[in-house]
Amino acid sequence: SLQADNLGDGVFTSTKYSGGVRLRYESADVSDNGADSASALTTRFTLGAKTDLAPVPGLSVFGQMMGVSNFGATEYAPEQAGYDVIADPSNARITQAYIDYKIGKTLFRAGRQMVNLDDQRFIGAVGWRDMPQTFTGYAVVDNSVENLNLMAAYVTHRHGILDRLSSGTKTILLHGSYKVMPELKVTGYGYLIGSSSNTYGIMGSGKIGMVKYLAEVATQQDASLEYNNAGKPKVDSTYYRLSAGTVYNGVILGAAYEYLGKADGGAHGFTTPLATLHKWQGFADVFLGYTAASNTFGLKDAYGKIGYKDKTLGKLLGIYHVFSADESTAGTKTDAGSEFDVVYAKPINKKLKFLAKGAFFSGESNSVITAAHNDVTKYWLQLGYKF
């Protein structure tokens, strides 16, 4: 990043700038849904600045702006009705604006900020979309004890990837991890999302020999908090996942199983409304809305991956998913389709990267999950530059 020291002898003692440009073409085609296939060419511009504030040691501020342009080509929803959805409309926003105070190994932060916890399965910034998800609130992170990381945050507002997803909230995020030994890290968390649910979970992860592993279990219960009398939906559901993978001489191998429990008499099943959802259940985003808000019949996802990476050639990865519901109703099936995803990523230099990606979902017309009825094909071409 660029750095300018001593910008005057007053409040601003040093400033670091960061930014980038991301150009992406995306195509989306959902069969037999009554909408035309969509395509979008978008560019995202990012500019951020961090400056220390004198005379208080450890005090700093950070600001970031993002602008997304589609060059007037609007043959996709939500820009134009009648087309399939590509969730990157033209927009401009202050994405982050916060003040930090760091004393020793403890950080206090207040303002609008990105929050990525673990692998973003429950809380994430949705960095894949052009406009990220951010949160306004207050957070404290402590690393005073060796191998122990603690975080607590209170969130008052969610700024979603689309303006219609932005709203006030009353949410508490609690997260802690401890490295027990080189082969094991234990993570515990509690995410109390106002008017949605309370999620409590524990995860073990690490690397034994050449194999990376992860095991996680969580429960979701009625919300403790309530925002603007929006009500407290009844929830009683469970979640778990297991995964293992390795890289040997550049060859990538992995397998995983994830289970999100059904509604079981409540308002919804196990949901993850604040996650980076594009990372999960396939890149076609077939179940994105389903697992964010309802998950009435549950969802199981068994998947494997194989690929190859090389410093010169780049990284090529294929992922195959098999989906099913936890239960069905009369005349429907628990089968919920399958999907093949492929990704190729190649750094051109330290600042410029190329990416190509495709997602091919084969639907099940009689599935109890209506989101799984149609075939979906999506692909992307992307160039990203950062400074």
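This is a predicted model: local features need pLDDT of at least 70, side-chain atom pairs count only at pLDDT 80 or more; totals for chains, interfaces and linings use all residues.
Residues are numbered from 1 along each chain as its sequence is written, and side-chain values use heavy atoms, with hydrogens and water left out. Local features need pLDDT of at least 70 and side-chain atom pairs count only at pLDDT 80 or more, while totals for chains, interfaces and linings use all residues.

Q: How many salt bridges does the count come to?
A: Side chains of opposite charge can pair when their charged atoms come close. A salt bridge here is a side-chain nitrogen of Lys or Arg within 4 Å of a carboxyl oxygen of Asp or Glu. By this rule the count is 13.

Q: Which residue forms a salt bridge with Arg129 at 2.7 Å, N to O?
A: Arg129 lies in the loop between strand 6 (106-113) and strand 7 (134-142), and its partner is in strand 2, 103 residues apart from it. Helices (H or I, at least four residues) and strands (E, at least two) are DSSP runs, numbered from the N terminus. Both residues of the pair are buried, where buried means under 20% relative accessible area, exposed over 50% and partly exposed in between (1.4 Å probe, protein chains only). A network of salt bridges links Arg22, Arg24, Asp88, Arg129 and Asp130 with the partner itself, and that partner is Glu26.

Q: Are Glu216 and Arg241 buried or exposed?
A: These two residues form a salt bridge, with the closest N and O atoms 2.6 Å apart. The pair links distant parts of the chain, Glu216 being in strand 12 (residues 211-221) and Arg241 in strand 13 (residues 236-248). Both Glu216 and Arg241 are buried.

Q: What is the relative accessible area of Asp326?
A: The side chain of Asp326 meets that of Lys262 in a salt bridge of 3.7 Å, N to O. The two are 64 residues apart, with Asp326 in the loop between strand 16 (314-324) and strand 17 (335-347). Lys262 is partly exposed at 23%. Asp326 is also partly exposed, because its relative accessible area is 22%.

Q: Which residues have the most contacts inside the largest nonpolar core?
A: A nonpolar core is a set of buried Ala, Val, Leu, Ile, Met, Phe, Trp, Tyr and Cys residues joined through side-chain atoms within 4.5 Å. The largest one has 24 residues, and strand 16, strand 17, strand 18 (352-362) and strand 19 (376-386) each give two or more of them. Those with the most contacts inside this core are Phe287, Phe361 and Ile369.

Q: What is the area of the nonpolar surface patch that includes Leu47?
A: Patches are made of residues with over 30% relative accessible area and no salt bridge, with like charges joined within 9 Å and nonpolar side chains (Val, Leu, Ile, Met, Phe, Trp, Tyr) within 5 Å. Leu47 is partly exposed, because its relative accessible area is 42%. Strand 2 (12-30) and strand 3 (38-53) each supply at least two residues of the patch. By the Shrake-Rupley method with a 1.4 Å probe, where for residues only the protein chains shown count as cover, the area is about 720 Å².

Q: Which residue in strand 4 is the bridge partner of Ala49?
A: Two strands pair if DSSP finds at least two bridges between them. Strand 3 and strand 4 (residues 59-69) pair in the antiparallel sense over ten bridges. In their hairpin, which has five residues between the strands, Gly58 takes a positive phi near 85°. The partner of Ala49 is Gly63.

Q: Which residue in strand 5 stands opposite Phe62?
A: Strand 4 and strand 5 (residues 91-103) run antiparallel and are joined by ten bridges. The residue opposite Phe62 is Tyr98.

Q: What is the omega of the cis peptide bond between Ala77 and Pro78?
A: Most residues other than glycine have a negative phi, and most peptide bonds are trans. Pro78 is in the loop between strand 4 and strand 5. The bond joining Ala77 and Pro78 is cis, and its omega is about 15°.

Q: What is the phi of Gln120?
A: Gln120 is in the loop between strand 6 and strand 7. This residue counts as buried because its relative accessibility is 18%. Although Gln120 is not a glycine, its phi is positive, at about 65°.
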